[in-house]
Amino acid sequence: AILPPSPSLSVVATLALINNDIAVDSTRNLIYASVASSATSYANAVVKIDPANGSVVGSVSIGSNPGPLAISDDARYLYVGLVTVPSVVRIDLTTFTKDTEFLLGSATLGPYYAEDLLVISGSSRSLAVSRRNGCCIPRHEGVAVYDDGVMRPKATQRHTGSNRIVRGPTSTRIYGY
């Protein structure tokens, strides 16, 4: 059998940046990174990176230690969960500015923090959040959906649920593990 050559890997550029998560914006051909509070440059910010040359081409200050990222499928919004503050920040990608920030609520173990984020397909203002507590094991506090920062009435079970969430084959399903 004749086999085609294996794909080759080449490094265009390297960017040394302590980050907590990245998201790809295929509409603008950019990569966004949530930069950890311990970083020496761009700490507590989200940066946009030009992958063609590996350079930071913009940044927006977010707050205390930005973590998980999720981009809407229309590339209008980027959501950022904060690692040490119980809230989510939404960035308007058309202006690359902080749009809004909302709290995730709390229970008897204290406030909820964002563990994973997923923008609802076809609804850029709706966000599913896998919530965690900041103190105890198990840390899972259920998955809830927020519309413009307002939580819907129902959430999944606490303590036995999904720390990671993904889209299903249709826009009406979310899966978690």
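What radius of gyration would a compact globule of 177 residues have, and what does the chain have? A compact globule with 177 residues would have a radius of gyration near 16 Å, and the chain has 17 Å, which agrees. The radius is taken over C-alpha atoms, and the globule rule is 2.2 Å times the number of residues to the power 0.38. The model is a predicted one, in which local features need pLDDT of at least 70 and side-chain atom pairs count only at pLDDT 80 or more, while totals for chains, interfaces and linings use all residues. Residues are numbered from 1 along each chain as its sequence is written, and side-chain values use heavy atoms, with hydrogens and water left out.

The chain holds zero helices and 16 strands; helices (H or I, at least four residues) and strands (E, at least two) are DSSP runs, numbered from the N terminus. Along the principal axes, the C-alpha trace spans about 55 × 50 × 30 Å. Of the 177 residues, 42% count as buried, where buried means under 20% relative accessible area, exposed over 50%, and partly exposed in between (1.4 Å probe, protein chains only). The chain exposes about 9600 Å², of which carbon and sulfur atoms supply 54%; these areas come from the Shrake-Rupley method with a 1.4 Å probe. Among contacts with a separation of 6 or more, 35% come from residues 24 or more positions apart, a contact being heavy atoms within 4.5 Å. As for charge, there are 15 positive and 13 negative side chains, and the centres of the two sets lie 5 Å apart. Lys and Arg count as positive and Asp and Glu as negative, with His and the chain ends not counted.

Turning to the aromatic residues, a search of the whole structure finds three aromatic pairs. Rings of Phe, Tyr and Trp (its six-membered ring) pair if their centres lie within 6.5 Å; planes under 30 degrees apart count as stacked, over 60 as edge-to-face and the rest as tilted. One of the pairs is formed by Y32 and F96, with ring centres 6.0 Å apart and planes at 25 degrees, so this pair is stacked. Because Y32 lies in strand β2 (residues 30-35) and F96 in the loop between β7 (87-92) and β8 (97-103), the pair ties together parts that are 64 residues apart in sequence. Y32 is buried, with a relative accessible area of 1%, and F96 counts as buried at 10%. Another pair, F102 and Y146, is tilted, because the centres are 5.5 Å apart and the planes are at 35 degrees. F102 belongs to strand β8 and Y146 to strand β13 (residues 140-147), so here the parts tied together are 44 residues apart in sequence. Both F102 and Y146 are buried.

D25 lies in strand β1 (residues 19-25) and counts as buried at 1% relative accessibility. D25 and A75 are 50 residues apart along the chain, yet their C-alpha atoms are separated by 6.7 Å.

Some backbone details complete the picture. A cis peptide bond, with omega about 0 degrees, joins I137 and P138; P138 is in the loop between β12 (126-132) and β13. N65, a residue other than glycine, has a positive phi near 55 degrees. N65 sits in the loop between β4 (55-61) and β5 (66-71) and is buried, at 13% relative accessible area. D148, in the loop between β13 and β14 (150-155), likewise has a positive phi, near 50 degrees. D148 is partly exposed, with a relative accessible area of 40%.

Methods: The place of a charge is taken as NZ of Lys, CZ of Arg, CG of Asp or CD of Glu.
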